[in-house]
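I opened the model today and kept short notes.

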Amino acid sequence: MLSPNLNKPIGSGKRRGKLSWPVMLLLLAGALVLFSAVAAVTGNHGLTSSGQVEAALSAAVPIGMAGLGGLWSERAGVVNIGLEGMMVAGTFCGAWAGYLVNPWVGVLAGMAGGALGGLLHAVITVTFGVDHIVSGVGINILIPGICAYVNKIYYKDYVAFGAGANQSPPADPLPQVTVPGLSSWLQTVESHHWFLVSDVAGILAGLITNLSVVTIFAAALLVVSYFVLWRTTFGLRLRSCGENPTAAESLGVNVYKYKYYAVVASGAFAGLAGSYLSLVLAHFYKDGQTGGRGFIGLAAMIFGNWMPGGLAMGAGLFGFTDSLQLRDQAAVHDLVLIVAIALALFALWQFYRRKLVAGVVALVVAGGLAAWFATTDSVQVPIIQATPYIITLVVLALATQRLRPPKADGQVYRKGQGK
């Protein structure tokens with residue numbers, strides 16, 4: 001229930017299991033030490049290299065933007081599993097406008113294409129009261145089908161990789177940003193492979209080297225979304241529609257309007273994620289380009305507990321695992337040892353808390369991974385390719401105990417139903 005002044009929810013209580021910033025920074029420092037120690041033992045520094053960080057950041061942007069779209073929509077009480085289809089609309093419209101006009105217009109066109117998909121989802125779910133999941137599945141079938149059909153007709157004379165492999169002509173690239181002086185200095189420090197220092201330098205160098213302007217824009221959108229949703233009256237009213245729309249309506253909030261705002265914005269963010277794929281990573285549109293990133297974005301949002309900061313961390317995690325496909329197998333092989341050590345430490349923590357079952361399970365899995373590392377020299381490519389999806393399932397399974405979604409999320413709301 002909401003208080004009369006809509007300033008805060010009544011009886012919200014203290015959240016359990018919420019990590020404080022000092023604890024998070026301590027965990028981050030511990031992870032860096034672990035990565036540095038393994039790199040020092042194996043002699044492979046690929047996991048913290050600037051190239052790996054650049055690749056992970058590039059892979060995280062579309063996932064993060066799709067997740068941000070899901071966050072806006074679900075904070076208003078509308079489940080949007082149609083993000084994948086809206087991303088496809090963004091890839092097609094972005095590449096089309098980027099080729100015909102310029103890539104800047106392409107980014108805006110991609111967002112507009114995704115927003116139209118969001119508007120369709122809003123009309124179906126908010127106005128007509130159709131089940132949110134059914135609408136999302138329909139959008140995921142409809143929009144990719146339309147784009148694939150138009151692609152085969154519109155670009156039938158442009159075949160880049162053989163008969164039947166239709167794709168759009170390449171658009172001009174968007175500019176990239178590198179901090180002069182500092183980037184080269186950090187890469188020099190990275191090349192010395194000093195314990196911990198070079199690893200930190202490699203990470204920082206990857207964050208300030210060859211940054212696409214869309215990446216900077218996406219990071220700004222995460223920050224702006226937090227302030228809009230949690231520090232403004234508009235955001236408070238929007239979130240009230242996802243917590244208790246009946247109470248919000250009784251206090252004068254136009255629930256339908258705010259749900260429309262949220263779902264259309266959700267589609268625009270998904271369209272931005274799609275245009276990033278077709279204008280930054282590939283410079284052209286091709287069928288199947290999204291590769292399920294809309295669903296992974298939803299997983300990142302859930303991992304982040306419907307909060308922008310947690311979403312950013314989830315997108316970074318999934319982006320890191322997705323970018324492993326671009327690294328050599330030795331680096332991925334080292335990651336197996338890192339995960340084994342981390343699980344062993346987690347098992348010790350569970351034993352300290354007297355949670356024997358969780359500790360034993362973690363210890364057994366850690367032992368299995370350690371044995372795998374010791375008896376092999378590399379990780380098979382199919383396993384590397386499946387890693388993002390495996391991580392998605394594992395993270396969602398482990399995160400279920402601390403999740404707190406909006407109370408009215410996914411519920412069909414009809415105006416005046418509280419009277």
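I began with overall size. For 419 residues, the globule rule gives a radius of gyration near 22 Å, and I get 23 Å for the chain, so the value agrees with a compact globule. I note here that this is a predicted model. Along the principal axes, the C-alpha atoms fill a box of roughly 65 × 65 × 40 Å.

Next I looked up the secondary structure. I find 16 helices and two strands in the chain.

Of the 419 residues, 48% are buried. I took the contacts with a separation of 6 or more and asked what share joins residues 24 or more positions apart. That share is 78%.

Surface came next. I get an accessible surface of about 20,200 Å² for the chain. Carbon and sulfur atoms hold 69% of that surface.

I also looked at charge. The chain has 25 positive and 16 negative charges. Their mean positions lie 19 Å apart.

Aromatic pairs

How many aromatic pairs are there? I count nine. I looked up two of them in detail.

The first entry is Phe92 with Tyr285. Their ring centres are 5.2 Å apart and their planes stand at 85°; over 60 degrees counts as edge-to-face, so I log the pair as edge-to-face. I then placed both residues. Phe92 is in helix H3 (residues 83–100), and Tyr285 is in the loop between helix H11 (255–281) and helix H12 (293–303). Buried or exposed? Phe92 and Tyr285 are both buried.

Phe234 sits in helix H9 (residues 233–243) and Tyr258 in helix H11, 24 residues apart. Phe234 has 28% relative accessibility, so it counts as partly exposed. Tyr258 has 7%, so Tyr258 counts as buried.

I also noted a cluster. Tyr226, Phe227 and Trp230 form one aromatic cluster.

Positive phi

I looked up two residues other than glycine with positive phi. Trp306 has phi near 60°. I find Trp306 in the loop between H12 and helix H13 (308–323). Its relative accessibility is 5%; the cut-off for buried is under 20%, so Trp306 counts as buried.

Arg354 has a phi of about 65°, also positive, and is not a glycine. Arg354 lies in the loop between helix H14 (329–352) and helix H15 (356–375). What is the relative accessible area of Arg354? I read 75%, so Arg354 is exposed.

Gly136

My last stop was Gly136, in helix H5 (residues 132–154). The relative accessible area of Gly136 is 0%, so I log it as buried. Which residues does Gly136 touch, leaving aside its neighbours within four places in sequence? Gly136 is in contact with Ile81, Gly82 and His121. I also took one distance. The C-alpha atoms of Gly136 and Ser225 are separated by 23 Å, and the two residues are 89 residues apart along the chain.

Definitions and conventions
Residues numbered from 1 in each chain as written. Predicted model: local features only at pLDDT ≥ 70, side-chain atom pairs only at ≥ 80, totals over all residues. Heavy atoms only, no water. Helix = DSSP H or I, 4+ residues; strand = E, 2+ residues; numbered from the N terminus. Rg over C-alpha atoms; globule rule 2.2 N^0.38 Å. Buried < 20%, exposed > 50% of the residue type's maximum accessible area, 1.4 Å probe, protein only. Contact = heavy atoms within 4.5 Å. Areas by Shrake-Rupley, 256 points an atom, 1.4 Å probe, with all protein chains shown as cover. Lys, Arg positive; Asp, Glu negative; His and termini not counted. Charge placed at Lys NZ, Arg CZ, Asp CG, Glu CD. Phe/Tyr/Trp six-rings, centres within 6.5 Å; stacked < 30°, edge-to-face > 60°.
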